[in-house]
Amino acid sequence: MKPKTKQIIAALALLVPLAAAATDVTVSVKNPTRTQRQQLVEVDASAVYERLGANKASSLVVKNALGQEVAWQLTHDGKLLIEAAVRPLSEALFTITTGTPQPMTTYVCGRQYPERVDDIAWENDRTAYRLYGPALQKSGERAFGIDVWVKNTPDLEVEKRYSTELANHGRIVKLKEKGNLAEALAVEQATTYHYDHGYGLDCYKVGPTLGCGAPALMGDDGQLVLPYCYKDYEILDNGPLRFTVRLAYNPVTVNGQAGVVEHRELSLDKGSNFNRMTVWYEGLTKAQTLAAGVVLHAEDLTDIRLGRDYVAYADPTDNPAKQNFQIYVAALFPNGVSATRQLMNSKPENGNAGHAVGLHSLNPGEKYTYYFGSAWSKNDVRTFSEWNQRIDSFLEDLHSPLCVEVKQ
């Protein structure tokens, strides 16, 4: 073989690994349904990095078909999140390269608030939620379920609400102690998140109930076994497009079996009215009935809907006569339940008339996934009829997911 030929072959050999790595990757998102879709899609991040020949720590730039950069997020479980809008029976294409992306707006986030008795609060561009923590349990207050904070702005509100409330609470208390009740009320109305200042408020009653969407095992006496506030937590994802937290609760005794520990992993995406909840129990030795759903308040039981795979309710708020609006809540069970029903209290306590729940026989070691969520009649879902349509559409989307493919 001539020396020049050898040089050419050697040069070509050096080019082989370079050719294996693409400068960009195309992601196809196909809509198999006849309805417009807009939601986050999950892309296998490992496949993207492998085809780009890039280190998994490399930053990415994601562009839509118009060449505009779009927001993205890497999750704790190896997913690349992209928000996709896809016309009926159509395809949307995205191009991914390595590089430095433009600053991205955060639409979803959350944290623990040790300054407010260990609340964990999170929100997206539609609604905010919170869970109660160890410091509150130590105080003796009986709180368990998931709270809803309504909002009518896509902006993040929770941090501001907490800081404003806490900064003025001491002043309000002192004014009341001095008998300056009118001034105390004026300060409270101007600063507390229990009043609407044009962007939403906290007016949902929880207490010792499931609130909006919490799970609980059922005792043989038909009562819910509530472990109350969480014991430990870990935030796994924190924006800009998804929030995920994993929680463990204090041990409880269920139907004579002690030391049963509830575990949850819940997440909320940009643009969604619904959180994803996965629940499992450590220490179960036999199947138990799991209940998940929403509290029903005695002030208004007019609009309750029990479907085959969901429960929905138009909640009247903590002051229906003066608030004059509704909070729409629901729990959705796309994987099925044995039944949906109302569990009513013989004697309503603090307006708690009972619950609308889905029931599932949970086996030891089994993880069960369902969804829960809310909307506000002063925001994007104006009526209970619209809320039911939102539920139906969300369930249909879950059963007909967008088809995601990573192409070279």
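Helices (H or I, at least four residues) and strands (E, at least two) are DSSP runs, numbered from the N terminus. By that numbering, P240 sits in the loop between β14 and β15. The model is predicted: local features need pLDDT of at least 70, side-chain atom pairs count only at pLDDT 80 or more, and totals for chains, interfaces and linings use all residues. Residues are numbered from 1 along each chain as its sequence is written, and side-chain values use heavy atoms, with hydrogens and water left out.

Stay with that loop. The peptide bond from G239 to P240 is cis, with omega near 10 degrees. Strands β14 and β15 form a hairpin with 3 residues between them. G239, in the turn, has a positive phi of about 80 degrees. The two strands, β14 (residues 230-238) and β15 (residues 242-249), pair in the antiparallel sense over 7 bridges. Pairing here requires that DSSP finds at least two bridges between two strands. E234 has R246 of β15 as its bridge partner.

Next comes an open sheet. Its 5 strands follow the order β13-β12-β19-β24-β23, with antiparallel pairing. The edges are β13 (224-225) and β23 (339-349), each pairing on one side only. Strand β12 (residues 212-218) runs antiparallel to β13, and 2 bridges join them.

Phi of N350 is near 55 degrees, a positive value in a residue other than glycine. N350 counts as exposed because its relative accessibility is 64%. The classes are buried under 20% relative accessible area, exposed over 50%, and partly exposed in between (1.4 Å probe, protein chains only).

T317 also has a positive phi in a residue other than glycine, near 75 degrees. This residue is in the loop between β21 and α6 (320-323). At 0% relative accessibility, T317 counts as buried.

Strand β21 (residues 310-315) holds Y313. Y313 counts as buried, with 0% relative accessibility. A polar atom of its side chain lies 2.5 Å from the backbone oxygen of D300. A polar contact is a pair of N or O atoms within 3.5 Å; within protein, one must be able to donate a hydrogen and the other to accept it, and residues adjacent in sequence count only if both atoms are side-chain atoms. Y313 and H355 are 42 residues apart along the chain, and their C-alpha atoms are separated by 9.9 Å.

S377 is in the loop between β25 (368-376) and α7 (384-399). At 14% relative accessibility, S377 counts as buried. A polar atom of the S377 side chain is 3.1 Å from the backbone nitrogen of Q326. Leaving out residues up to four places away in sequence, S377 touches F325, Q326, Y328 and R382. Contact means heavy atoms within 4.5 Å.

Finally, a helix pair. Helix α4 (residues 158-177) and helix α5 (residues 181-191) pack at an angle of about 170 degrees, with their axes 9 Å apart. That makes α4 roughly antiparallel to α5, a label for angles over 145 degrees. Axes are lines fitted to C-alpha atoms, for helices over the stretch in contact, and angles run from 0 to 180 degrees between N-to-C directions. T164, E165, N168, R171, I172, L175 and K176 in α4 meet L181, E183, A184, V187, E188 and T191 in α5. These contact residues divide into 5 nonpolar, 3 polar and 5 charged.

Key: Angles under 35 degrees count as roughly parallel, over 145 as roughly antiparallel, 65 to 115 as roughly perpendicular and the rest as oblique. Ala, Val, Leu, Ile, Met, Phe, Trp, Tyr, Cys and Pro count as nonpolar, Asp, Glu, Lys and Arg as charged, and the others, Gly among them, as polar.
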